[in-house]
Amino acid sequence: MCGIVGAISDRDVVPVLIEGLKRLEYRGYDSSGIAVLSEGQMRRVRRTGRVAEMAAAAEAEDLHAGLGIGHTRWATHGGVTEANAHPHISRGELALVHNGIIENHEAQRERLTALGYGFESQTDTEVIGHLIHHHMSQGLDLLTALQTTTRELTGAYAVAVVSRAQPDRMVCARMGCPLLIGLGEGENMIASDVSALVQVTRRVVFMDEGQTALLTRDSVSLFNEQDREIEYEVHLSDVSLASLELGPYRHFMQKEIHEQPSALADTLEAVIDAGQFCHSMFGAKAEAILGEIEGVQILACGTSHYAGLTARYWIEAIAGLPCSVEIASEYRYREAYANPRHLIVTISQSGETLDTLEALKYAKALGHPHSLAICNVPESAIPRASELILYTRAGAEIGVASTKAFTTQLAALFQLTCVLAKQRGRLSASAEEEYLDQLRFLPGSVQHALNLEPQIMAWAEHFATKDNALFLGRGLHYPIAMEGALKLKEISYIHAEGYPAGELKHGPLALVDSEMPVVVIAPNDSLLEKLKSNTQEVRARGGELFIFADQDSCFEESEGVHVIRTPRHAGLLSPIVHTIPVQLLAYHTALSRGTDVDKPRNLAKAVTVE
Ligand code: G6P
């Protein structure tokens, strides 16, 4: 989704803006631009395509300045054109970048047209710049004009504005889209996320909904919704530069797949060190809240939703609590039945996904008093809106297709399950010890699964020539089949479906022929024999099978049946281990097809619009 960066400094900020935009590329975008105020002139460069092309154009135009804003755009209103790219300029006087969607832009456009403003783009954004310009022409200063404008907008936005009339400042506002301020020495910055700023500073201020801010070179003032100046807390970000670099890897997705043993070890460190499952890791109020709830409602999107689907099996079987899992964008628009004794659990890598955030707010409005966020980005919007929090410690995830965030979410959800079970007297001391042991071995089992990469690469060559693929699993591994299909379609653009293997004969079997590779996730669990029958149904129709089987699953290779042996059955944590091969299969298939693995077409990392 769109990314924003801005800086005001004694030095040239153009390299800061360009570097910041490069670090925001992972969010997903299709055009980019910067605008700077240089010697009283507003100068701008915009390009469709990669930031590198825009940066080259900025260099060719010899752009240098102490004040500027930049943007990566992911098209919503209006096509991918230079005219629609940000920054937008109003009457040569002020420049603005915007993330989000202005819902009443048509009404504002009519109003502004009547006031004599012309429009150069099809975006909803342009109205914001003109509104600010209009208010400034009525005598307001830049900050007050922005604050007045925000009251006339409905929708979601993070905006940053610079004006020729007040060249010593930058103003910004946040409602529904992320925005933070970076504090430097003799310079200050803003950005959509901290990765854009770590090259310059780690000292950040997270803006809250409805707040506006005024930045000069050496001061930052924050204002609440009533425009009153308020105190702010300075956080020290722990995002490291190394986590944002590729290192020896070809793609961030490859790096992140390989980081999973350490990401899991970091996420599990607290529970392993404690030697027990303890409610305190969810926050101070966790004992009372987790102890009194009678059910769980999980809300999430994309890959995070599949983590929730997996957790449902654990929560119902181990903790003995009813658990529903719903796609956030569906939940937020239906008249859901609210049981106040059910805990709302949101799962989000970014903590910014708008549908998940809005579903959480909706659940609260429906009468759910208790919420828990499982999230990978500290201080992001979803955990900030939640009562209880468990941060996964996957580190920065840059590849659009989620990998290490997913497996660490599963590890976190398993811990939640065990805490809930323990509080209800459903976790015996020996079961607790056994589960802790399984968690201790988990990073090693995942490393073992990563070692299968060469075999999976050989399969990927075959998949790269196909147009479709089916992924089958049963029970706990059904969501992993769906996640495998999602990974493949996201980055290789091969149409893929994940199905519960028992459902095969109710539809998808009609699609099976020699051109349809069928991936089977086959752990040695209680459903293995049933799964074997399902694979025979495929083989009998000429379908080619690609089976990921535990070492003790007893699947043999034969004509049309390919088997890769995964580590010995990892018990209840088996879905985590079985995720690795399907991630690798998607990655190498995409590599063979030559797609842009880290930035697949049309997709964004953090979906901050509907
Ligand atoms: C986007 C990303 C996915 C992610 C989903 C939910 O679609 O491309 O990888 O699973 O959003 O994001 P979240 O940050 O809420 O987990």
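The legends below describe close-up views of a predicted model. Residues are numbered from 1 along each chain as its sequence is written, and side-chain values use heavy atoms, with hydrogens and water left out. Local features need pLDDT of at least 70 and side-chain atom pairs count only at pLDDT 80 or more, while totals for chains, interfaces and linings use all residues.

**View 1. Residues around the ligand.** The ligand is surrounded by 13 residues, each with a heavy atom within 4 Å of it. S304, S348, Q349, S350 and T353 are the closest. By class, the shell holds four nonpolar, eight polar and one charged residue; Asp, Glu, Lys and Arg count as charged, Ala, Val, Leu, Ile, Met, Phe, Trp, Tyr, Cys and Pro as nonpolar, and the others, Gly among them, as polar.

View 2. Helix α9 (residues 302-319) supplies three residues, the largest share of the shell. Helices are DSSP runs (H or I, at least four residues), numbered from the N terminus.

View 3. Polar contacts here are pairs of N or O atoms within 3.5 Å. A polar backbone atom of A604 is 2.9 Å from an oxygen atom of the ligand. Of the 390 Å² of accessible area that the ligand has on its own, the protein covers 90% (Shrake-Rupley method, 1.4 Å probe).

**View 4. Domains.** An automatic or database domain assignment divides the protein into domain 1 (3-244), domain 2 (252-450) and domain 3 (453-593). Between the C-alpha centres of domain 1 and domain 3 there are 45 Å.

Note on methods:
A polar contact is a pair of N or O atoms within 3.5 Å; within protein, one must be able to donate a hydrogen and the other to accept it, and residues adjacent in sequence count only if both atoms are side-chain atoms. Helices (H or I, at least four residues) and strands (E, at least two) are DSSP runs, numbered from the N terminus.
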